[in-house]
Amino acid sequence: MTRASTQNAVVIGSGPNGLAAAITLAQRGCSVLLVEGEEQIGGGARSEQLIPGFTYDLCSAVHPFAVASPFFQTLPLEKYGLKWIDPPIALAHPFEDGSVASLFRSVEQTAETLKEDGEAYQQWISPFLSNWKELFQEMLQPAHFPRHPFQMMRFGYWGLRSATQLCQSLFKHRWAKGLFGGIAAHSFLPLTKSPSAAIGLSLAIAGHAVGWPIPEGGSQKISDALLAYFQELGGKLITSQRIRTIQDIPKSDLVFFDLNPHQLLKIVGDVFSSSYRNRLQKLRLGPGVFKLDWALSGPIPWKREACRRAGTVHLGGTLENLVESEQAHWDNKISERPFILLSQPTLFDPSRAPEGKQVAWAYIHVPRGSTQDATEIIENQIERLAPGFMQLILARKKTFPADLENHNANLIGGDISGGIPDLWQILFRPTMSLSPYATPIKNWYLCSSSTPPGSGVHGMCGFHAANFALKSL
């Protein structure tokens with residue numbers, strides 16, 4: 001019997017990272033209790049009914065990093081009902097003149113949509129794909145000396161730029177610039193700031209390596225499969241038990257917090273030293289999102305066929321417009337032509353809606369905590385590129401930043417990134433430390449997306465935190 005098998009562990013929070021930590025501990029023989037404050041598990045990977053029969057995802061919905069996750073790849077999640085759907089086009093990016101740039105699994109097909117920049121794109125992206133698994137293994141862990149230094153040097157050469165610098169170096173025309181700019185805008189960073197290119201590059205590589213897939217039945221299926229495997233390992237779950245004070249934490253040898261550090265500080269109060277409290281409080285939170293979910297009487301009537309075959313559609317036009325849009329929320333404004341991320345899962349997963357009906361969602365980046373209703377801005381922009389869209393709306397749900405935080409207390413002010421993913425906070429989150437998961441309290445650990453490697457449904461924060469703790473025993 002290993003030493004780990006003598007330990008009892010509590011994991012607070014059942015998001016993908018909390019579940020990953022719980023599974024890793026249980027695999028090593030620990031007796032693990034998973035505690036969730038909400039009635040429903042999953043954190044940001046949850047699904048609910050918009051109206052009866054229409055299933056929508058509360059937060060995360062499209063999951064390239066979940067399929068590419070080195071940890072999730074080791075788990076038998078298909079055995080527990082998780083089935084991935086890969087749309088024929090991962091991403092469509094339409095322009096006002098009627099042209100569309102698209103991200104396919106195939107680099108060659110993608111290049112064809114980029115016209116004169118297709119060859120440059122192909123020569124740039126292809127070298128990353130030959131060893132993409134090793135690349136993601138390197139990227140999805142804390143700062144370290146890489147095992148594949150030349151591969152990481154190539155990634156860093158491009159990724160440590162801003163998205164605009166990368167586009168200016170590589171591309172000459174609007175199609176490639178717009179497509180990559182939209183992908184890089186997932187970073188929430190101004191596209192003129194480093195390392196917005198790194199987020200865009202990692203998502204582009206994932207798109208070619210594994211696609212931008214959706215889970216059949218909704219994102220809840222990811223969490224449900226992780227929970228089922230955890231319970232088969234002997235793990236226990238308690239829901240609807242919110243941890244508000246240190247006295248609420250069940251007694252255990254090991255405690256893991258799948259919590260934003262600001263949430264953790266509310267619970268533990270003065271237990272931490274003033275120095276550590278100050279360091280946690282310096283974690284800078286990112287912008288928020290305003291999200292719309294729709295129940296529709298039919299598919300969105302896009303003008304262009306590529307948009308009708310894509311799981312994700314980016315509405316943002318040229319790189320110049322994307323730059324303006326993604327700077328606006330940093331200036332405490334919402335652009336009149338915001339970058340819109342839209343998903344239409346029922347084109348490929350009819351299980352989420354009644355026959356012939358559809359669900360779709362879209363969100364934009366807004367100042368953290370914004371109360372502005374952007375419904376008209378979003379729907380008008382969709383209507384321009386898909387005339388007749390508004391006539392299809394059966395029901396809509398508006399989600400403001402405060403609503404996201406109410407659903408998931410980690411999403412403070414609607415920040416879904418666990419803190420700004422700038423270069424400093426990618427390398428050192430939540431604080432500058434050689435042991436980013438450890439806290440000053442012995443055997444207490446952070447494992448949320450506010451720890452390395454950061455946001456995304458990949459479970460690697462929880463996986464690394466659990467392994468760090470086990471090695472420390």
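Modeller: Happy to! Let's start with helix α1 (residues 16-27) and helix α10 (residues 220-232), whose axes lie 10 Å apart and pack at an angle of about 20°. This is a predicted model, in which local features need pLDDT of at least 70 and side-chain atom pairs count only at pLDDT 80 or more, while totals for chains, interfaces and linings use all residues. Residues are numbered from 1 along each chain as its sequence is written, and side-chain values use heavy atoms, leaving out hydrogens and water.

Colleague: How do α1 and α10 run relative to each other?

Modeller: Helices here are DSSP runs (H or I, at least four residues), numbered from the N terminus. Axes are lines fitted to C-alpha atoms over the stretch in contact, with angles from 0 to 180 degrees between N-to-C directions. Angles under 35 degrees count as roughly parallel, over 145 as roughly antiparallel, 65 to 115 as roughly perpendicular and the rest as oblique. The angle of about 20° therefore makes α1 and α10 roughly parallel.

Colleague: Which classes of residue make the contact of α1 with α10?

Modeller: Contact means heavy atoms within 4.5 Å. On α1 the contact uses Leu-19, Ala-22, Ile-23, Ala-26 and Gln-27, and on α10 Ser-223, Leu-226, Leu-227, Tyr-229 and Phe-230. Ala, Val, Leu, Ile, Met, Phe, Trp, Tyr, Cys and Pro count as nonpolar, Asp, Glu, Lys and Arg as charged, and the others, Gly among them, as polar. By class, that gives eight nonpolar, two polar and no charged residues.

Colleague: Which residues join α4 and α6?

Modeller: Helix α4 (residues 118-129) and helix α6 (residues 149-159) cross at roughly 145°, and their axes come within 10 Å. The contact is made by Gln-151, Arg-154, Phe-155 and Trp-158 of α6 with Trp-124, Pro-127 and Phe-128 of α4.

Colleague: Is Leu-189 buried or exposed?

Modeller: Leu-189 sits in the loop between α8 (174-184) and α9 (196-209). Among the residues Leu-189 touches are Trp-330, Ile-420 and Pro-421. Buried means under 20% relative accessible area, exposed over 50%, partly exposed in between (1.4 Å probe, protein chains only). At 3% relative accessibility, Leu-189 is therefore buried.

Key:
Helices (H or I, at least four residues) and strands (E, at least two) are DSSP runs, numbered from the N terminus. Lists of a residue's contacts leave out its neighbours within four places in sequence.
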